[in-house]
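Subject: Structure handover

Hello,

The structure is below, with notes on what was found in it. Please read the notes with the coordinates open.

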Amino acid sequence: MLFPDLVKLTTSSFLSYRMRSFLTGLGIAIGITAVILLTSIGEGLHQFVLAEFSQFGTNIIIIQPGKTQTHGGNVGVIGSVRPLSLDDADALRHLPYVESVNPSLMGNAEVRANGKTRRTTVLGEGRDFATAFTMKVQSGSFWQDEDNEQARAFVVLGSKVRQELFAGENPLGSYLRIGGQRYRVIGVMEPKGQILGFDMDDVVIIPAARAMELLNRPGLIEMQVSYRASADVNAVIRAITERLKERHGREDFTIISQEQALDVLSSVLDVITFAVGALGGISLLVGAVGILTIMTMAVTERTSEIGLLRALGAQERQVMILFLGEAMLLSALGGLAGLALGVGIAQGLHWLFPALPVHTPVFFAVLAECSAVAIGLVAGVMPARRAAQMDPVEALRTE
Amino acid sequence: MIEFADVSRSFTVGDQQVAALRNINLNLAAGEYVSIMGPSGSGKSTLLNLIGLLDRPSSGTYKLDGGNVSALDDVQQARVRSEKIGFVFQAFHLVPRLTAAMNIELPLILAGIPPDERKTRVVKLLENYGLTDRADHRPDQLSGGQRQRVAIARATSMHPAVLLADEPTGNLDQTTGKEVMNLLEQLVEQKVTLILVTHDPLLGGRAQRQIHMMDGQIVSDNGSSS
């Protein structure tokens, strides 16, 4: 029997029981819809979370003071731990593959300009802050030189602070008072919005050296090292660890690589997506039972036809293939309908609730369709075997 | 052509062995026209099923064209059925959802014959049996006579050496029954071995060789080649 003939014969029986075929296919379609819908939402969340975490760039290594031991939190600036200093940051700048090192600390202070006062977050950063975090300066620029002893009193404003204090005027060159000191405005950041609840626009950014003085902090909260994308992250981490140990005498700091953190996060999210997909898979199982039922009925109804096929020279195997083909056709078409329905509903939900991230990877769609066909195959085996093993004489006698 | 040597067939009914055929010895020559008659339960259908390789003898050997076909496995028997044997049934046994043309094509499809050749054969058969304008009709749109003509066309599509007809006119009225018989008898002229099973002596009387059966045994045979 040639393949096109097999398709023709199985389609003919599919078409002659339209309603029944439709309902059986619907069982599989609902299962596939559930799988596709749930995994689409799972995958959408996955991408949303990863995008949220990786928008500062992925080739960043974060160094914090204090070694994270098996228990206990970050020791920070108290205890016997040596704080991370600006000199530490300078020392790392010359390591291979390192593109920039950004010393970082933050605090709260009152800022005043144009007779208005605002309490806002003060970020003490290096001059490479914007490039390291792939953030953009809207007007002006960051300070160019970095003098740890005598950092100049420059400030870059977040867009919200600029709006509140300098509404309608160009703030560049104006002066701003932070905690009683005068700072000259040299740049304004582009609006960035909230990141994990922190308003990136309601900030003022000053050189880290001045921030330590202003906020009365002995050390940095963290350093962000950005390295060349082509470099091996482990090699960079090794180099940093060695350098800092040399300076501190022991490993009293913690290194977190963005890449490794994202890997862990990503694998956790993968498991979640898979788990919700598996939940949808339960309804696929119900669809499989539907196919099993309908194929069992079909074999019984068409007993005399099976006898005829055998009399006309069909081998047992051919009879089996015909019925398996029908089961697979039912599930394949049901699966396709489910795919369309699942993607449609997912996109519809996204359209109704734009905040709900939705994404259907092609790989999942292909996998879902393949599993639909496989389910048809498995559900069809038992009835098809029964059809193939019928006694032709008995079968022909059945009306 | 067909040689039965000491063939028996028994069935187990409950815990009893019931003999449907007892020690049948029978030789049929190629191109012979044979009718097998007898009351129901005489074993004539069982004999037909054995000849058609739909059933296996409990004992004895069956040779077709000199080869011992009772020793073949299922796949080989299916091939022999496909290539050498055609069936015509009382109940027509057409596939209801396929057109007349597709029904005729079915044995060719199962045998894996290429589409081009199938098409020419089917067109010719439709023409021979006066079904050309009925090619796209489904069985429920055909009269009884037309249905049986489709069935005969289907049975001959693989050019079988043996044609087995089990009460082919049983579901037809007198006139169409006669038409169908004429079509079958034309095949004998083309050297097809026609074996007709019937309980109607009038119909069976048309065959040159007549075999009567009773209780699983041949009670009379006017044939020459046995």
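At what angle do α3(B) and helix α4 (residues 115–128) of chain B pack, and how far apart are their axes? The angle is about 130° and the axes are 10 Å apart. Before the rest, some conventions. This is a predicted model, in which local features need pLDDT of at least 70 and side-chain atom pairs count only at pLDDT 80 or more, while totals for chains, interfaces and linings use all residues. Residues are numbered from 1 along each chain as its sequence is written, and chains are lettered from A and ligands numbered from 1 in the order in which they are written.

Helices are DSSP runs (H or I, at least four residues), numbered from the N terminus. Axes are lines fitted to C-alpha atoms over the stretch in contact, with angles from 0 to 180 degrees between N-to-C directions. α3(B) and α4(B) are therefore oblique to each other (under 35 degrees counts as roughly parallel, over 145 as roughly antiparallel, 65 to 115 as roughly perpendicular, the rest as oblique). Contact here means C-beta atoms, placed from the backbone, within 7 Å. α3(B) contributes B:A101, B:I104, B:E105 and B:L108, and α4(B) contributes B:R118, B:R121, B:V122, B:L125 and B:L126.

Helix α3 (residues 100–110) of chain B also meets helix α5 (residues 144–156) of chain B, with axes that come within 7 Å and cross at roughly 30°. That makes α3(B) roughly parallel to α5(B). On the α3(B) side the contact uses B:A100, B:N103, B:I104, B:L106 and B:P107, and on the α5(B) side B:V150, B:A153 and B:R154.

Nonpolar cores

A nonpolar core is a set of buried Ala, Val, Leu, Ile, Met, Phe, Trp, Tyr and Cys residues joined through C-beta atoms within 7 Å; buried means 20 or more other C-beta atoms within 10 Å of the residue's own. The largest core has 117 residues, of which A:F323 and B:I195 touch the most other members. Helix α10 (residues 316–352) of chain A gives the most to this core, 12 residues. Leaving out residues up to four places away in sequence, A:F323 touches A:M295, A:V299, A:G380, A:P383, A:A384 and A:A387. Another core, of 49 residues, lies apart from it and includes A:V161, A:Y183, A:I186 and A:V204.

Contact between the chains

Chain A puts 19 residues into the contact and chain B 21. On the chain A side, α9(A) has the largest share, 5 residues.

Regards

Technical notes
Buried ≥ 20, exposed ≤ 12 C-beta atoms within 10 Å, placed from the backbone. Helix = DSSP H or I, 4+ residues; strand = E, 2+ residues; numbered from the N terminus. Contact = placed C-beta atoms within 7 Å.
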